[in-house]
Amino acid sequence: MLLTGCTSTEEPSSRRPSSTPPTTTSSRAPDPVALPKGAPQLTDVIPAPVRVQRAPEENFPIDSATAIVPAKSPDAEHAADLLRDTLRRSTGFELPATDRGQVIELRVDDELPAQGYRLEVTRTRITLSGADRAGLLNGVQTLLQLLPPEVVAGKRPQGELVVAGGTITDHPRYAYRGTMLDVARHFFDADTVKRHIDRIARYKINYLHLHLADDQGWRIAIRKWPKLTTVGGRTQVDGGKGGWFSRREYSSIVRYAQRRGVTIVPEIDMPGHTQAALAAYPQLSCDGRPRRPYTGTQVGFSTLCVTKQETYRFVQDVISELAELTPGPYLHIGGDEAQSTKPAEYRTFMRKVLPMVLRAGKKPVGWHEYAQVDLPKEAVVQYWRIERADDATAAAARAGNKVLMSPADKSYIDMKYFESDSRGNKWAGPVSVQTAYDWDPAGYLKGVDDSAVLGVEAPLWTELVETEEDIERQAFPRIAAVAEVGWTPQSRRDWNDFRQRLAQHGPRLKAQGVAFHPSPDVPW
Ligand code: TNX
């Protein structure tokens, strides 16, 4: 196995922990503790860390006397709270912040690479150092994976709690590891989205892109244009009741995600995919005729009227209000499949709208069709097709724009897992777990090399996804594969090794009640 090979690698002595000698009440180090049978190993972690060194003599037992001690720093305290909440819920231990006895210490070490962390487990002390808040949260997720599956599920673990000894030194390959949830085709309420956030954060996914508007529904309240939701939000594919997020609900999702290290990227798809907006405000179309909200699954038939002044007043209001509610750096403006917008008009539209996003203080993201216009340098291009070359995307990359990789034949988790799968879309599929794992974002698109890649994103379109269980089934375990594609250095990735580790995560997903697809290419 690839990962066990490096467990013998010694770190240069300068990187050895020196600043944190074990502090025990007695001067004698306690006897080594055995790892209970079946307990997680350092080499089981998903996504696979950059470096793992095992130290079997140094296993750390957690019991009612264990303390969680953050250094004086808001980031360390934040991560410590999240860890304490999770552990307390499952064990009932108090886990006070007294630096005595068995201690889990959290601190910031700004010499670590961005989003990186180091987890050192010795008999008497766990020291989690993080480069920043993201790094500390990533370290917490790793530590939680080293505890029995019941812990993250909020259930009391059976037997002793022992963390395997050793050191993990880790940081991500790409800054952006994301997934998208389409709440427009089928609506999912704030609580469902929050539970999804918990599940994706376990694998260090740090962006959740919400597809908030499409032909079938408008899902975010905009104060100045109230009918967007009261008219445009009342249905969905196949005519269910639909729904939308109030400003308060959207903000509560944003905060919930933020606490777990996940940044929300809101998308309003324009100028196509806008039937719901046109049904609410017919004046936004060129003919001004009333339209009905759409409940089918075709694409490419709707467009905002790109030549009307009113349209830009509308778009400006939407962007301003959404930017105001969104602390994250990105705002997605769609731009895909605008087959009912004349090419020249599409370009005019994007040239007017891109500066609105910048003026609202956000970096624009768009599906790669928008790379047809000269993009501002902050704009991110999200590639979603299956062709291995796209001139406009390559030109944008040459000009310095970052590319977010979502090639449909690798990362579309709305696709079927296998040919005869009864669920899922099929135009780019099937996408097996192995397919989702076995590719290199840097090598996929001609003229787009590693330095141009911002990261990876797995979109979950929901034409055929109706329930939370459907979300779980389409997303898991493929999300774990995508997470590792985005996190782990290419040279350390190996399908055979991954599938073994993923099998270890079966009981973990089960304990959390995740309705994952038991893919036959994994030895569960
Ligand atoms: C293409 S990907 C679309 C979506 C569909 C998806 C289904 C993209 C930017 N547009 O409108 O939901 O295919 O796989």
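Helices (H or I, at least four residues) and strands (E, at least two) are DSSP runs, numbered from the N terminus. The structure is a predicted model, in which local features need pLDDT of at least 70, side-chain atom pairs count only at pLDDT 80 or more, and totals for chains, interfaces and linings use all residues. Residues are numbered from 1 along each chain as its sequence is written, and side-chain values use heavy atoms, with hydrogens and water left out.

**Helix α2**

- Helix α2 covers residues 74–91, which is 18 residues.
- From first C-alpha to last, α2 reaches 25 Å, close to the 26 Å expected at 1.5 Å a residue; the expected span is 1.5 Å times one less than the number of residues.
- Among the buried residues of α2 are Ala76, Ala79, Leu83 and Leu87; buried means under 20% relative accessible area (1.4 Å probe, protein chains only).
- The buried residues of α2 pack against elements including β3 (67–70), α3 (133–145) and α7 (247–259), where contact means heavy atoms within 4.5 Å.

**The ligand site**

- Around the ligand are 14 residues, of which Arg185, Tyr412, Asp414, Trp427 and Glu463 come nearest; a residue counts as near if one of its heavy atoms lies within 4 Å.
- Oxygen atoms of the ligand lie 2.9 Å from a polar side-chain atom of Arg185, 2.6 Å from an N or O atom in the side chain of Asp414, and 2.8 Å from a polar side-chain atom of Trp427.
- Of the 370 Å² of accessible area that the ligand has on its own, the protein covers 96% (Shrake-Rupley method, 1.4 Å probe).

How values were computed
A polar contact is a pair of N or O atoms within 3.5 Å; within protein, one must be able to donate a hydrogen and the other to accept it, and residues adjacent in sequence count only if both atoms are side-chain atoms. Buried means under 20% relative accessible area, exposed over 50%, partly exposed in between (1.4 Å probe, protein chains only).
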